Amino acid sequence: MDLRTPRLLLREFRADDHAAVHAFASDTEVTRYTDWGPNSPHDTTAFLAEVTQDRSSTPRRRFALAVVNCEHDALIGSIELQVTSASDHHGAIGYVLHRDWWGKGYASEAATALLRFGIDELGLNKITATCDPDNVASARVLTKIGMRRESHLRDHLHVQGQWRDRVVYAALPPSRSTENAK
């Protein structure tokens, strides 16, 4: 599965992606607001094995893709869409980029493509994303791609010995977004 945007290729992960994935997944600044990481080399190997196995599931419920900058042919991050409820047509997205690529619009570009894929190709009615309330950049991305803030979950995750909040954003198909805005 490949999705293309003006500057990016979102593609399946490959075995030779380990070094590029580990470069961002092991970075404490990149994983500062995540509920995983920083990764050890073993963690990165396990992640790549999981996503390889998940893509052969029928029906497929997890679409974890490498984010590749086409101009530089560089793997710059990871983006994922999970079908969280097939019967309710719900999904969830998440993304992470190597810090050298922050602030250039790549997260918004990749997330927009995956959001469209979830709605147009998978027929999802609602796609959510969560972020740490202190992660202002991620909240900006979610708003920019048309997601709306729905809630603030207090002490939602226990990560590395600390309780952490999450802010929930959601998107509906364009026809439903307009309908619900009335």
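Is Glu12 buried or exposed? In this predicted model, Glu12 is buried: its relative accessible area is 14%, and the cut-off for buried is under 20%.

**Around Glu12**

Let's start with where this residue sits. Glu12 belongs to strand S2, which covers residues 8-12. Its side chain has a polar partner in Arg60, with a contact of 2.8 Å between the two side chains. The side chain of Glu12 also reaches the backbone nitrogen of Met1, here at 3.4 Å. If neighbours within four places in sequence are set aside, the residues in contact with Glu12 are Met1, Asp2, Asp17, Arg55, Arg60, Ala64 and Leu65.

**Aromatic pairs**

Now for the rings. Searching the whole structure gives three aromatic pairs, and two of them are set out here.

| Pair | Distance between ring centres | Angle between planes | Arrangement |
|---|---|---|---|
| Phe13 and Phe47 | 5.4 Å | 80° | edge-to-face |
| Trp101 and Tyr106 | 5.7 Å | 70° | edge-to-face |

Why does the Phe13 and Phe47 pair tie together parts that are 34 residues apart in sequence? Phe13 lies in the loop between S2 and helix H1 (18-25), while Phe47 lies in helix H2 (residues 41-54), so the pair links these two parts. Phe13 and Phe47 are both buried.

As for the other pair in the table, Trp101 and Tyr106 are both buried too. Their planes stand at 70°, and the cut-off for edge-to-face is over 60 degrees, so this pair counts as edge-to-face.

Definitions and conventions:
Residues numbered from 1 in each chain as written. Heavy atoms only, no water. Helix = DSSP H or I, 4+ residues; strand = E, 2+ residues; numbered from the N terminus. Buried < 20%, exposed > 50% of the residue type's maximum accessible area, 1.4 Å probe, protein only. Polar contact = N/O pair within 3.5 Å; in protein donor to acceptor, adjacent residues only side chain to side chain. Contact = heavy atoms within 4.5 Å. Phe/Tyr/Trp six-rings, centres within 6.5 Å; stacked < 30°, edge-to-face > 60°.
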